[in-house]
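The entries follow in the order I made them.

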Amino acid sequence: MKAIVFESYTGHTKKYAELLGQKTGLPVYERKEASKHLARQDEIIYMGWLMASSIKGYKNALKDYNVKAVCGVGMRRANEDALKDMIEANKITGTKAFYLQGGYDGNKVRGFYKLLMKMASKFMINEIEKKEVKTDADLETLDLLKNGGSLVKEENLAPILEWLGN
Ligand SMILES: Cc1cc2nc3c(=O)[nH]c(=O)nc-3n(C[C@H](O)[C@H](O)[C@H](O)COP(=O)(O)O)c2cc1C
């Protein structure tokens, strides 16, 4: 494996990429800068934030590098469904996939993304508030949407480190 390449909008994916870099000793590059350091088809781990279910930059990373593993970072709690939905939405085949929970920082979201998130938050908050019984994950999502916060934790990287044999 040559490097970890990432794309992050508000910093959570960057934090995971840096933590993974520290744990593995692999160099960490932002996607738009990565071609200065890597050759085409170098083996990489790609990490991208989730925007309307899509892993930002993943398609471009696939064109440029040999993506051995892809890791999406979203605000949803990590579980099998979150991973399955991510794999389906991004048509991930033949590449190892991981999903990590990042967080939400509304203060850093601007322009079109702000508009999109305003609509999505309203919908998600309504859906959760309608429920008679709210799960822990529902309450966590409500809190993230209303107050923001980071749920980035080093221990969430354990499955990736295990896959890498570290
Ligand atoms: C416009 C927009 C769309 C988003 N769509 C999703 C989504 O579909 N699924 C999800 O889990 N999180 C979604 N999020 C939340 C981000 O993926 C989450 O905040 C993530 O931690 C951002 O990573 P970053 O800090 O590296 O940019 C969305 C955020 C924004 C601003």
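I began with terms: two strands pair if DSSP finds at least two bridges between them. Helices (H or I, at least four residues) and strands (E, at least two) are DSSP runs, numbered from the N terminus.

I noted that this is a predicted model, where local features need pLDDT of at least 70 and side-chain atom pairs count only at pLDDT 80 or more, while totals for chains, interfaces and linings use all residues. Residues are numbered from 1 along each chain as its sequence is written.

Entry on pairing. I found that E3 and strand E4 (residues 54-55) pair in the antiparallel sense over 2 bridges. Leu-50 has Ile-55 in E4 as its bridge partner. The two strands E3 and E4 form a hairpin with 2 residues between them, and Ala-52 in the turn has a positive phi of about 45°.

I then looked at the parallel partners. Strand E1 (residues 3-7) is joined to E3 by 5 bridges, with Ala-3 bridged to Ile-44. Strand E5 (residues 66-74) pairs with E3 over 7 bridges, also parallel, and Ile-45 stands opposite Ala-69.

Entry on burial. A residue is buried if 20 or more other C-beta atoms, placed from the backbone, lie within 10 Å of its own. In strand E3 (residues 43-51), 7 of the 9 residues are buried, so the strand is largely enclosed by the rest of the structure.

Entry on the ligand. I counted as near any residue whose C-beta atom, placed from the backbone, lies within 6 Å of the molecule. The ligand is surrounded by 23 residues, and the closest are Ser-8, Tyr-9, Thr-13, Gly-74 and Gly-102.

Terms used
Buried ≥ 20, exposed ≤ 12 C-beta atoms within 10 Å, placed from the backbone.
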